[in-house]
Structures are given as structure tokens and as C-alpha cells.
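Hi there,

Here is the structure I promised to pass on. Have a look at it first, and my notes on what turned up follow below.

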Amino acid sequence: MTLEGVFPDLLAPLPSIAAVEAELARTLRRLVAHARAVAGALGFTPPGDAPVVVTAGRGRLPAELDAWLQASVRTPVGRLALARVTPPGWTRGRAVALKTPLVASGRRVGALLLLGPLLTRGVLAADVPRALGEALDRVWRLHRRALRTAVLDELTRLLVSTDALDDVLHAFAEAVAKLVAFDSIAVSLVDVERDEFEIIDVVARSVPLRVTRDDRMPLAGTLFAELVARGAPLRVDDVREGRVPEVSRRVFAERGYRAVALVPLLSARGVFGAVTLASARAGAFDDEDVEIVGELGRPLASAIELRRLLAEGHRRQDELAALYATSQLISARLEMPWVLDRISQAVSELIGSSGCGIGLLDPEGAHIGHVAAHGVGSEAWRTLSIPVGEGIMGRAAQSGTAIRVDDVRTDPRSARRDVDEREGIRSMLCVPLKDAGEVIGVISAFATRPGAFTAHHQRVLEAFGEQAGIAIHNARLFEESVRRARETRALLEAGRAVTASLEVDRTIRVILEEARGVLGVDSCGLATLEPGTGEFVTVASLDLPPAMVKDIRIRVGEGIGGLAVRERRPVQSRDLYNDPRARYPELARATGFRSMLAAPLRVGDRVIGLISVFRRDVHAFSDSDEELLLALADQAAIALEHARLYAELESMVAERTRELDAQKRFVEVVLETLPLGVFVLDAELGVVRANREGVRVLGCEPGARASFAALFGPGTAGTVEAFVRDAFATRRDAALEVEVALAGETKIFRLTRAPVEPTEASAPHAVVLVEDVTRAKRLERQMLLTERLTTAGRLAAGVAHELNNPLATIAGCAESLRERLTERELTNTSELTDFPHYLGLIEEEAFRCKEITGTLLQFVRDPGSQRAPTDLNALVLRTTELLSHQSRFAEGRFATELDPALPPLAVNEGQLRQVFIALASNALEAMEGRGRLTVRSRLHRGEVEVEFEDEGPGVPDEILSRIFDPFFTTKPPGQGTGLGLAIAQGIVTDHGGRIEVTSRPGKGSLFRVVLPA
């Protein structure tokens, strides 16, 4: 049996381990079939990788037999051997097992096991085990070479991609894991400046790793140092060997590693890093593994170097931008807080620090304290202050040179290690700020990881510090100019307060507030001379309570203030707690005021008071402070003197002012109580002032300078405007009546104008009186209408009376003719057959006309005041009959739902008829004479109810409460008086009843007359 005959395409390259296993299984099935075996197993052990074992049979193998085959083929065998066995899952008696090793290049690479009942040594040719072993070995090497090519292509692609370095490192570790077995892999970079190396990426596989990413280790005395020196890969089969440096032996041994392989990362500048493989198994790596890692390491080195160059380019660009931005600070905004904050931010942007603090020297140059900070979390760092010469920041200020610390935890110069620990600071770079060669402060950049700053960072920050020092110098000059301007403004404000107001308390308070603001003190107070006692009594303080102020009294020469009065110059105390001159040391301790400056208030040769300022710290006031306070004291003295001079004049003016105020109040009361609207107008017809009645009548906003003519609406505004303008043109009085629609109601106003002569101090004005004459006019119109209705009623009564006689004659004649037609000679006449019917109609209609005229006569008759039992149902029917004959209601429909058991009521029939007609007429008019009017009557809970329900638009909610008001109507002018419902309500109320209204807009209204039974 030849190899090619069994598996001719075994030597084809296979893409993956899965493909290798599938091909081995296919090959095994052919061997089993060729050898006439029942089952078999084939094992292959690739170099440096896990064994691959496959089984096959003529059918599906039992699980017990499959497991036995896999275990048996893994057992080493030196040469071909036959043995009789009874394996588990075998059901054909005893079997023959043929097992032979597979060899390639003198090395055992696997084994073949065949199982059958009649196997002999002759089923396999003598060269099959060797040929099969060499074929499998070649297949595996072809597979490895293809895999290496694919992995290298992927890493090369990542080299030119935009993926982040972390993604490249992850892909590299995955690629190495496909080709080399290891327990951990790490990528480290050399820090030549610090003689250290930094682990930038690390992956642990089977053995837990106790090395963190971004960890730093010394380079000297390590395998890494040997690698850098050789510039070639380094493989150690067992770290316990004596040639391994002690430091590396200890580090790897502590982590459980035995074998190590280091491959350098190279660039044009030499070795800049390394890839380190580690395994817990001694001799785990061979030359091929090192070669593979070296081959994959070349694109990794290029990727790291390329990204380093890109990062360096970006960093240089950011550095130039930050330096340029700092230079802009010199000529941009000059407010010190803004400049300091911008500098602290720029430091982090410039060198990539976690945070930054800007410390400035105090005026004495003894302490340096932070005045700005960026990227800090604790208040202790933000407000840190240390003596010059102590700590890293203090030493940088003292020496005037930069100090770079890789780890503050191990540096003995760290003064406030507790603050550093709280902030998480590990490395620090302090650069002095200088102005004209003199140190004025320190820039302290920090990072939360050790060794974050390099010499390059130091050079950049030193260059930045020179620019920042100039910016701070300019900001200080600006602050000084602002302070000078503030002092000038304070003196101007004090002088303006003195000349602009006679209220001495307000003036003094302005002076005290200006003193506190411009001097930067915590409190101010002022004392004046009490003539009776000769003591200076505190009369004003910005902070002390009045109860405490009134007890502060000093004499000339007592305390700091008394000395200032006696010496007529400013006197100060740096520390009131320890100054024996202090008059009230217990008060100083109670208030917390520590330092004080006092200046006298002088008027000629006299001292009339003193002004004092206080701070809560030990402080020495400058000469400029004393000069400024003395200037403010002079302003306060002028204010007090002015107050004294004006006191007498003020009392005289006050008396006269009271008289004028009384007269003014009297005039205002008269105007406000007038029952007429009074409007004062300017030349543009704007309302200058209106009294309470005027605001109510026209509905204008109090105090709003509205156009007077616009208050009357668009229809009347032109007439009113012309009327008022004529007053300014002719300077004559006049009156005018106008009709205006306001808030849905028509009103009539009588306007009376009167021009006001202008004076030198005032422009021309006009006074307009507005009187609401709506009620009077409506009463006048109602009287005329009532008179006309009375006359019309009398005429209608006369006409109805005159019509009754001809109607009686017509009815009588029709009756006589109809009786004659019953005579014999006329009964059988065919031409007269329809005459009885027609004569009956004439008689019936004549009597109906008589009833109508009778009803009309009864309606116009004076109802009087007598009340008699009345059938309300009959009264309702007469009302509907009367309205049904009116032409304007001809299209209306009447429906009655009357209760026949309704009892008679003692009412005035004529008055109730008037009520029913008014309610029914309003309902029909609301429906424009075309809808249905339903009238109901019933007895309910001891009361008689008569309802009038229409199908009209209903009554809007906003006017429902006003429909019973006299003269209120929604009908157009001339079509209603607004008295119908008011009179109806009065009649029903007089009968002890009430009218209820229910309305649904768009669905109609219901008026209910309720009378006691």
C-alpha cells in the first residue's frame, strides 16, 4: 500500500486546524477501509502545539470504543506492534490491534492504531509510517507558513491604518497567540532619559499576572538591558540559570515563569522597546518561536514608531498653540484671575499634565501660595501655601530653577505629602515664574502616574513660564491701574454723594462702602463728636449691630481713634489683639477684627469726628491707604458740615412743604371723589392723569399714558379726537355727547372740554370731563317709547272696537243666509249645494276675528293691581294665540305641554300676561321666528312652574348674569330697550316668585317662572 494511493491530496495546504483534523479523519477512513479494519485512530503532535487525534470506523463508533481508541493512540509506542484486545464497546469477540509510530526526520510526530478481527503486519507497507509522518509534518509546516503570512499581512495592514495603538497591541498579541504558545506577553518601551523601561501593554493567559500596565522598572541589571546592548533576540530556557541577571531572575520567578523570550523593537535610532514572552514551562520556546515573534515584531515596531511620530507632531503643534495662546494673554484680557486661570489650563494642554497650580510669592517673599489651580479635586491643594525653601515648590522658588520629580512618594523634598496623596499626585514638574529676572512664583504641574515628565517637558514649560511671567506682570500693572482708578472713582463717588444729597446718613454710608471697597477691608465705622460730653460716639457701621454701636465711645487721646483725633493724622494698629493702645480689645476679639486704621474728620481747625476701617488679619496699611482714607474722611466731614448748615433751612422748608402738601391732598381728594370722570390730556391727546371715576367709566389702565381718543373705539375715536384737538386750537370750552360700545354694552357719554393755559414750566394741557348719561338717556327714550306704545294701544283698542260691529253684521248675515238655505224650495237646488259650507266658514272666521279683537282689547286694558284666581294654562294659550298671528313669527312653531291639574292662582292676570308675552317674544326673536317654542306647566314641590324653552343660540355665559339688569340688551340700537326682562322679574318677584334661567350656547335657553301655589 502506497501513501499516494491512500491520500493523494494530503499534501495540499490547509487553511486551519479544523481543516487539518478533517483531512486526518478522511485519511484515516481510507486507511481503515484499505486495511479491512473495523475502526482506527490517528494521532498527530505538531511541534510546540497540542496533539491532534481523530477516530474513524466503518459505521458510527460507540462512545466507549471511541474513548478507548483516543486513549490508546496517545500511549507512546516504539515500533509496529500487534496485540489481541477486547476493547470496551467491541461486540465481535477478541480483536487485533495494530499500532505503529509515525516518524518524520527522526522525530516521533504521532501514531496510527487500526482495530479489526483479522489484522496482520502485512496490511501496512514498511515505509507507510515514515511516509505518513513526513507527510503530516510537511502539511503542518505548510499550514504554519500560511498562517504566518496571513497574520503578518493583518499586522501590516494595521501599520497604515488609523486604529489606536491599543487596538494594534491587542491585534499583535492575538496574532502571536495563533503561532506561539505562551503564558504571558508584554510590550515595553525604553526610557533612555531615566534608564527605565515602561510596560505599555501586557496580556496574561494561563498564569495570573501581577504586573500592571504602565508600570515602570529600572533598566540596569536586567535581561532587557542585555537585549538593548546586543540589539538581537534573547531566549532563556530556564530563568534559574546562573547567567540570568539577579533582578530578572527574581521578577520572573516570583511570577511563576521558567522560560522567557525577548525580541527587540527596532527603529532608525536603535532598540526602543521589546516584546517579552513568558511561560511557566521550562524550554517552552525554540528558535522558530523567536523567529516568528521577531518577524511579527517588525510591523509592530513600525506601527509604534509611526504613532509616536504622529503623537510627537500633534504634541509639538499643541505646544506651539499653547505658547502662542500664552503670548496672546500679554495683549488680551488683563484681569489677574482670568490670566492665572488661563495659564493653569494652558499648562495641562501643553505638556499633558493631570493638573496644575500657579503659586505666587506674598509681598514679603516669605511664603508662596496657590492663587489658581486646574484639574484638582481637593481644596487643600487649591489653597496650598508653604514657606519659601520648603517642599518642592518652595525650593523651586528659592533656587529659581526648575525641579522635576518622577515620584513624590519616594522624594524626601516633598513637604505636604498628605495633600499629594489625597490628590493622587505621583510626579511633579515645578518651574519658576520670573519678572525682570526676579522670581515671582512657581508653576507646579503634576501627574497621577510616576515619571510622567521628561526633559523636553521641562524645556517647554520653562519657555512657557517666561511668557506666563510677562503676562502676570502685565496683569499686575493692570490691577494697579485699576486700583488707582478705583480710588479715584471712590473719591468722586464720595464727593458726588456729598453734593447730591442732603441725607447725611445715606451720604456717610456711601462713603463707608466706598472705603471698604477701595481699601479691601472687612468693615468700616464713623464716629461724631457729641457736644455735651466731648466724646466721640459711633453713629454708623457697616457690620456691627446698633446695640453694640451705641456703646462705643472714646475721648481724645484714647485708643487708636482718639490718637488720630489728637494728632490730626491717620493712626493704625497692625494687631489689635496685642496692641496696648487699643481702647476696646474685647470688642476686637468678639468681632474678629485684627487690624485697624483711623483718620480724623477735619473742618478747618476743628475735628468733628473720625472714620475707622478694620481687617480680620494682621495687616500693615500702606501710606497710600492712609492718604486715601484721609481724603474720604475730608469728604465725610464736608457731608456732616453740610448737614448742619442745611438743618435750619430744612426745618423752614418742611413747614411750608406741609402746607403745600395739605392743599395738594385736598385737591386730590376732591378730584377722586367727583362722580365725573376727569382726564388731563397733553398736546398729543395722551392721558396724563385720570381720576378713579374716569378709570372706571372708560376702563383705561391707571398710570398708562394711553391715547384718550382710542378709549372710545374705532367708530367714535375720530369724532372725540377732533373735539379735543379743537380745544387746543381755539382755547374754548365746549360739550359733546357720543354713543360708544364698551365691553358689549352701548353707553352714552357727555364730554366737556376745558383747555389749561400753558406756563413757562409746563406744556399746554386740556381737561376733559366724562359723564355717563346712558341711564338718563335711556329713561328719556323709554318714556317716549312708552308714550308711543300707549297711543298705539289706544288706537288699536279703538280700531278693534270699531271692527266688532261689522264683524257682528257679517256673522249675522251669514247665519241668516244659512237658515234660508234650509227652506224646501232651496234645499234641492243644485247650484246652492256648496253655499251652506261657505256660509259656515264665513260665520266661523268672523267669530274668530271677533275673538282676536277681544283679546287685543283685553291686553291693552289697564290690568290694575287687583289679583284674582286665574287659570295659568288658559293664560298661556291666549298668549301663544296672540303671538301666532304676528307676521314676524309666522314661521314659528308653538308646542304646549300643560298640566291639566294645575290649580288656579291668585295673580294679576294682566301683569302675568305681560311676563309671558315678554318671555315668549324674546324666545321667538332669538330663533328669528323660525324655531319651535315649547311652553310647559306643572305643579312641583308646592310651586307652579311655567317654562318657555326655545331652540335658539342660547345666552353666552359672560352675559348670563346681566340679562335682568335694566337697560341691558344685546339687540341693535333702536330694536330694544333692555327693560323687558327687568320688568318681568319685578312682576314675578312682586308675586313672591322667581325667574330661573338655564342656557346652553348653541342649543337654546329655558326660562322658568316659579310661583307659589
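Please keep in mind that this is a predicted model. I began with the aromatic rings: a search of the whole structure turns up 6 aromatic pairs. One of them is formed by Phe593 and Phe614, whose ring centres are 5.3 Å apart with the planes at 25°, so this pair is stacked. The two residues are 21 apart in the chain and the pair links distant parts of it, with Phe593 in the loop between α17 (585–591) and β22 (595–603) and Phe614 in strand β23 (residues 606–615).

Arg589 lies over the face of Tyr577, 4.5 Å from the ring centre, and Arg753 lies over that of Phe723, at 5.0 Å.

β24 pairs with two strands, both antiparallel: 5 bridges connect it to β28 (residues 765–772), and 3 bridges connect it to β25 (residues 687–690). Leu681 takes part in both pairings, standing opposite Ala766 in β28 and having Val687 as its bridge partner in β25. The hairpin of β24 and β25 has 5 residues between the strands, and Leu685 in the turn has a positive phi of about 65°.

Strand β19 (residues 536–541) is another one to look at. Of its 6 residues, 5 are buried, so β19 is largely enclosed by the rest of the structure. It runs antiparallel to β18 (residues 523–529), with 5 bridges between them, and Gly525 stands opposite Ser541 there. In the hairpin these two strands make, 6 residues lie between them, and Gly534 takes a positive phi near 75°. β19 also pairs in the antiparallel sense with β20 (residues 553–554) through 2 bridges, where Phe536 is partnered by Ile554.

Now for the nonpolar cores. The largest has 35 residues, and those touching the most other members are Leu872, Val915, Phe916, Leu933, Phe948 and Val1009. Several elements supply at least two residues each, including α24 (872–884), β32 (932–940), β33 (943–949) and β35 (1004–1012). The biggest contribution comes from α25, with 8 residues. Setting aside neighbours within four places in sequence, Val1009 is in contact with several residues, among them Val915, Phe916, Leu919 and Val988. A second, separate core of 32 residues includes Leu155, Leu169, Leu265 and Ile304.

Finally, there is an open sheet of 5 strands, in the order β30-β32-β33-β35-β34 and with mixed pairing. β30 (893–897) and β34 (994–1000) are at its edges with a single partner strand each, so one side of each has no neighbour in the sheet. From one strand to the next, the twist averages 15°. β34 and β35 run antiparallel and are joined by 7 bridges, with Arg1000 partnered by Gly1004 in β35. Helix α24 lies across β30, β32, β33 and β35, and runs at about 175° to β30.

Happy browsing, and best wishes

How values were computed: Residues are numbered from 1 along each chain as its sequence is written. This is a predicted model: local features need pLDDT of at least 70, side-chain atom pairs count only at pLDDT 80 or more; totals for chains, interfaces and linings use all residues. Side-chain values use heavy atoms; hydrogens and water are left out. A nonpolar core is a set of buried Ala, Val, Leu, Ile, Met, Phe, Trp, Tyr and Cys residues joined through side-chain atoms within 4.5 Å. Buried means under 20% relative accessible area, exposed over 50%, partly exposed in between (1.4 Å probe, protein chains only). Helices (H or I, at least four residues) and strands (E, at least two) are DSSP runs, numbered from the N terminus. Contact means heavy atoms within 4.5 Å. Two strands pair if DSSP finds at least two bridges between them. Axes are lines fitted to C-alpha atoms, for helices over the stretch in contact, and angles run from 0 to 180 degrees between N-to-C directions. Rings of Phe, Tyr and Trp (its six-membered ring) pair if their centres lie within 6.5 Å; planes under 30 degrees apart count as stacked, over 60 as edge-to-face and the rest as tilted. A charge sits over a ring if NZ of Lys or CZ of Arg is within 6 Å of the ring centre and within 35 degrees of the ring normal.
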